[in-house]
Amino acid sequence: LAQALLSSCFKDSDPNAHGDMWDAVLLTTKNYPQVWIGDAVSAPGAEHKKGKQQPLDRLLEFLRSCCHLAPTVSYPSILALLANLPASVLDAASFQSDFDSALWQGAANAGGSADFKSEGSAGSRAVHQESVALVSAICECFSFLWTRSLKNASQASDNISGNISSSNPADVKDFVAKEASRETDRLWHFYLQNPESAEQMTQPVVKLYCKIENLAAKYDSSLLEKIWAQTSWFAQRRLSGDSVYPIVYLTTQLASLDSTTHRALVLCARKLLVEFCQLAVQSPDSSAAQSLIQVLTQLAPEIVFQEGFSQKFSMRLEGTGSSEEAIDLVLSKAQYLIETTGSAVDAAQSVDAFIASKLSRLDSASESADSIYRSISALLSALPASEATKSSQWNDAARLPSLGRGLLMQMPRLPDSPQEILESSVGAPSSDFVRFLGQALLTHFTSEADLVGQSIADSVFSWMENVFTVLYKVQWVHESVGASTSLASWTSATYEVLNSWTTLARDSVGGPRFVRFWLNRSGNQAHSALGLLFDFAISAPESKAPSADDVVGTLVSKLQPQSKRAWSAIESQIGKLNL
C-alpha cells in the first residue's frame, strides 16, 4: 500500500488535493521509510520490474514541474519529507545534486508558464507567492542537508559520498563549501530576477546565512569566509540599475542582526556596505553613483553617517550637478542624529559642518563663490520645512555658528555716499551673495529655533538697509553724471535686497515677525530705511523711459517697481496685524 501510494500520488495535478496528499506522504514516510529505497520494498525473492519508476524519481519529476504549478501548498512540506527519508537515500552519490536541480528546474518552469505570467494582480500575486515559497523551501532544505553532512562527518559514523571519495571530514567540508557557494549564488540570481518579491524573500535568505554562520562556528571555521567572499564579489559586480535596491536591502538586513549572536555575519555585512559606499564615491558613472547614494542613505544611514561618508557623498552629488540631492543628504543626516542621539545640537553641528566646508572653498579655485552661495541658500531654504527642525528637540541651543561667521566675514564694505558708487570706487557684491543674505534672514524669521542668531540677523539687515539707503540717495545727485561701471551692479544688488524684503513680508510664518521687527527698529521715523522705501514706492514714475545715458533714470525705472511690491507686501502685513 505504501509503495502504491508513493507511485501514484505525485501524478495528481489537482492543487486542491495536494494538502491531503502531503499528509498521506509524510505519515507513510515516517512509518515506512524503507519504501523510498526502491528494490527493498519488493518481496524477498521477487524480481524488480525492469524500467519501473522509483518513488524518488517521481518526487523529482514533481519538483521539476514546480509541483504541478501549485508550489505554495507543496514547498512547505519538503523539509519534513527530507527529515524522514532513509539515510541511504540522502547519502546516495547524486541525491543532493539531483534534488537541487529539480527545485531550480521547477522555478524555471514556473517562470515560463503562462499561468504565472498572466496579466493583472492575480497573476502577479501567483508569481510573488510562488517565488517566496520556493526560496523558503530551498533555504530550509539546504540548511538541513549541509548540517547533516557536516554533523555526520564530524561524528565520522556515516559514509557521505556526494561526489567525494570518502567520509574524510576535510573532504566533506570542502564539498559543503562548494555546494553552499553554488547555491547561494543561485539564490542571489533568483532574488534579483524577482525584485517585486525581494523584500519578502529576504527573511529566509537571512536565515540561511545565519545557519551558515552557525555551521562555521561549530564545524568549519572557514565556511562563512568562503561563502561571504563569493557573496561580496557577486553583490559588487551586480550593484547597478534595478539590482541596487534589493542588494543593499538584503545586506542591511544582515547588518542589522543582533551583533551579540551573529557577530561574524554582522561584521561581514557592515564591511560590504562600506565597500558599497566606496563604490558610490569612486564610480565613474555619475548616474549610477547618484542612485547608489540615495539607496544607501535610505537603507543604511548608520553606515553612511557614522563611517564618514556623508560629506563625501555631498561633494560627489554636487560634482555631478545634483545639488538638491546633496542638500537632502545633509538634512537626512540631521534627522538621523536627532532620532539616534535625541540632540538637536548634534544635528545643527552636522548642518553647520556642511556650511563651514562650503565657505572654506571660497578662496579656492575648485568652486565659484556664487556657486557656494547658491548651495548654502538652497540648504537654508529647505531647513525650516525639514523633519529635523520640526523635532521638539530642536531649540535655541541649536545654532549655525559657521553661517553667522560667514555672513559677517563676506559682507563687502558699503559705499559712504552716492558719489562713491557713481565714481566706481566701491565694487558691488554679486546678486547670488545678496540672495544668500536674504535667505539667511528668511531662515531666521521662519524657524522656531534661533539658527542664525539675533545679532547676526541685525547685522545682515543693517547692511541691507544701508545698501538701499545709499542707492535711494543716488537719485537726488544733481550734478552731471556720466557712465558708471559700478552703478549697474549696485542697482542689481539693491534689486535683490528689495526682492528679499518682498519675500520676507509675504511669508505666512516669517512675514508678521519680520514686519514687527522692522517697525520696532525704524521707530516710525521718515528718514529710516522703511520710511525711504515708502517714499520711493509712492513716487510718481517718469512718464517716459529714460535715455541710454540717463544712468540715474535707469536706476529709478528698475528699482521703483520692486519697491512698490515690497511696500505692498509690508503694508498688507501691517493691516493684518492691526498696526
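At roughly what angle do the axes of helix α17 (residues 323-341) and helix α18 (residues 344-359) cross? Select both: their axes cross at roughly 160° and come within 8 Å. Axes here are lines fitted to C-alpha atoms, for helices over the stretch in contact, with angles from 0 to 180 degrees between N-to-C directions.

Before going on, note that this is a predicted model, in which local features need pLDDT of at least 70 and side-chain atom pairs count only at pLDDT 80 or more, while totals for chains, interfaces and linings use all residues. Residues are numbered from 1 along each chain as its sequence is written, and side-chain values use heavy atoms, with hydrogens and water left out.

**The whole chain**

Show the cartoon for the protein: it has 28 helices and zero strands. Helices (H or I, at least four residues) and strands (E, at least two) are DSSP runs, numbered from the N terminus. Colour by accessibility next; buried residues make up 50% of the 579 residues. Buried means under 20% relative accessible area, exposed over 50%, and partly exposed in between (1.4 Å probe, protein chains only). Among contacts between residues at least 6 apart in sequence, 73% join residues at least 24 apart; a contact means heavy atoms within 4.5 Å.

**α17 and α18**

Return to the opening pair. α17 and α18 are roughly antiparallel to each other, a term for angles over 145 degrees, with under 35 counted as roughly parallel, 65 to 115 as roughly perpendicular and the rest as oblique. α17 passes α18 in a right-handed crossing. A crossing is right-handed if the near helix is turned clockwise from the far one by less than a right angle, and left-handed if anticlockwise.

Now show side chains. On α17, the contact is made by Ile327, Val330, Lys333, Ala334, Leu337, Ile338 and Thr341; on α18, by Ala344, Asp346, Ala347, Ser350, Val351 and Phe354. These divide into nine nonpolar, two polar and two charged residues. Ala, Val, Leu, Ile, Met, Phe, Trp, Tyr, Cys and Pro count as nonpolar, Asp, Glu, Lys and Arg as charged, and the others, Gly among them, as polar.

Step back to Ser322, in the loop between α16 (310-319) and α17. Ser322 is buried, at 6% relative accessible area. Not counting residues up to four places away in sequence, Ser322 touches Gln290 and Leu317.

**α24 and α27**

Select α24 (residues 454-474) and α27 (residues 529-538), whose axes come within 10 Å and cross at roughly 45°. That makes α24 oblique to α27, and the crossing is left-handed. Glu465, Phe468, Thr469 and Tyr472 of α24 meet Ala529, Leu532, Leu533, Asp535 and Phe536 of α27. By class, this contact has six nonpolar, one polar and two charged residues.

**Single residues**

Go to Ser232 in helix α11 (residues 223-237). Ser232 counts as buried, at 12% relative accessibility. Leaving aside neighbours within four places in sequence, Ser232 is in contact with Leu272 and Glu275.

Lys207 lies in helix α10 (residues 198-218) and is exposed, with a relative accessible area of 54%. Draw a C-alpha to C-alpha distance from Lys207 to Leu254: 9.3 Å, across 47 residues of sequence.

Finish with the cysteines. How many disulfides are there, taking a disulfide as a pair of cysteine sulfur atoms within 2.5 Å? The count is zero. For Cys139, the nearest cysteine sulfur is that of Cys141, 9.5 Å away. Cys139 is buried at 3% relative accessible area, and Cys210 is buried at 10%.

How values were computed:
A disulfide is a pair of cysteine sulfur atoms within 2.5 Å.
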